[in-house]
Amino acid sequence: MAESKNDILAYALENFTKFGSKRFSMDELAKNLGISKKTLYKHFSSKEELVKESLTHYFGKIKGNIDDYMLINPNEEQPLTTIIYIYKQGLITFQEINPSFLHGLNKYYPTAYKIYSQLKNDIVWDVVCPLLKKAQGLGQVRKNVKVELVCSLFLARMEETVYSKADLFLEYSIHELLDHIIINNLRGILTLEYLKKSPLQ
């Protein structure tokens with residue numbers, strides 16, 4: 001029996017991401033956890049609140065992992081290394097999530113979807129974009145590259161790319177996807193001098 005709020009959030013999200021937030025009901029959740037619906041509603045006033053809180057909990061952990069990594073690995077002279085790390089975490093996350101979960105969020109739980117969208121935007125525009133500008137200042141990214149445009153065109157659209165083909169994660173490893181979706185695109189905006197020293201791995 002799992003009655004703590006964090007246990008409920010973790011289990012709920014595991015099933016929402018696997019089966020979709022609409023398909024997995026509060027009845028099933030209570031039954032699988034071995035608790036009454038009354039206990040469930042003691043913590044969450046509605047299913048939408050549960051979906052929102054489980055998302056906040058899940059993505060908060062991901063953002064926390066990124067913040068911890070940046071604290072331990074400042075990579076002051078190699079900001080592109082941090083960008084690659086961030087997108088590797090993103091790919092791992094998208095591999096765990098059934099695409100129908102995010103589509104269902106957008107359709108049935110728009111408030112919860114806004115939480116996801118906001119986190120994604122925060123990472124791209126508050127973390128990745130400044131790192132890319134830093135790399136440009138260090139002479140690693142070409143001066144004529146419009147960093148915001150690069151972020152808009154491909155760094156902010158990884159979700160669309162990975163979900164464009166149903167079995168992408170079955171056909172290719174995380175490393176192969178990272179290389180083809182992110183690293184190859186980054187190589188295209190680097191200075192020749194930096195590429196000779198560090199081709200990016």
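Biologist: How many cavities of 30 Å³ or more are there?
Modeller: The count comes to 1 cavity of 30 Å³ or more. A cavity here is a set of points, on a 1 Å grid over the protein atoms alone, where a 1.4 Å probe fits but cannot get out. This is a predicted model, so local features need pLDDT of at least 70 and side-chain atom pairs count only at pLDDT 80 or more, while totals for chains, interfaces and linings use all residues. Residues are numbered from 1 along each chain as its sequence is written, and side-chain values use heavy atoms, with hydrogens and water left out.

Biologist: What volume does the largest cavity have?
Modeller: About 280 Å³. Volume means the space filled by probe spheres set on the grid points, which are joined across faces, edges and corners.

Biologist: How do the lining residues divide into nonpolar, polar and charged?
Modeller: 13 nonpolar, 2 polar and 3 charged. Ala, Val, Leu, Ile, Met, Phe, Trp, Tyr, Cys and Pro count as nonpolar, Asp, Glu, Lys and Arg as charged, and the others, Gly among them, as polar.

Biologist: Switching to Glu-159. Is Glu-159 buried or exposed?
Modeller: Buried, because its relative accessible area is 10%. The cut-offs are under 20% for buried, over 50% for exposed, and partly exposed in between (1.4 Å probe, protein chains only). Glu-159 sits in helix α9.

Biologist: What does the side chain of Glu-159 make a polar contact with?
Modeller: The side chain of Tyr-116, at 2.3 Å. A polar contact is a pair of N or O atoms within 3.5 Å; within protein, one must be able to donate a hydrogen and the other to accept it, and residues adjacent in sequence count only if both atoms are side-chain atoms.

Biologist: Leaving aside neighbours within four places in sequence, which residues is Glu-159 in contact with?
Modeller: Phe-94, Leu-102, Tyr-113, Tyr-116 and Lys-120. Contact means heavy atoms within 4.5 Å.

Biologist: Now Glu-53. Where is that?
Modeller: In helix α4. Glu-53 counts as partly exposed because its relative accessibility is 24%. Not counting residues up to four places away in sequence, Glu-53 touches Lys-5, Leu-9 and Phe-44. Glu-53 and Ile-115 are 62 residues apart in sequence and 9.5 Å apart in space, C-alpha to C-alpha.

Biologist: What is phi of Asn-75 near?
Modeller: 45°, a positive value in a residue other than glycine. Most residues other than glycine have a negative phi. Asn-75 lies in the loop between α4 and α5.

Biologist: Which residues does UniProt list for "DNA-binding region"?
Modeller: The unreviewed entry lists 25-44. UniProt positions are in the numbering used here, feature names are shortened, and annotations may be inferred rather than shown by experiment. Residues 25-44 are 75% helix and 0% strand, with end C-alpha atoms 13 Å apart.

Biologist: Overall, how many helices and strands?
Modeller: 12 helices and 0 strands. The C-alpha trace spans about 65 × 35 × 25 Å along its principal axes. Buried residues make up 45% of the 201 residues.

Terms used. 1 Å grid on protein atoms, 1.4 Å probe; cavity = no way out; pocket = protein on both sides within 12 Å on 5 of 7 lines; lining within 4 Å. Helix = DSSP H or I, 4+ residues; strand = E, 2+ residues; numbered from the N terminus.
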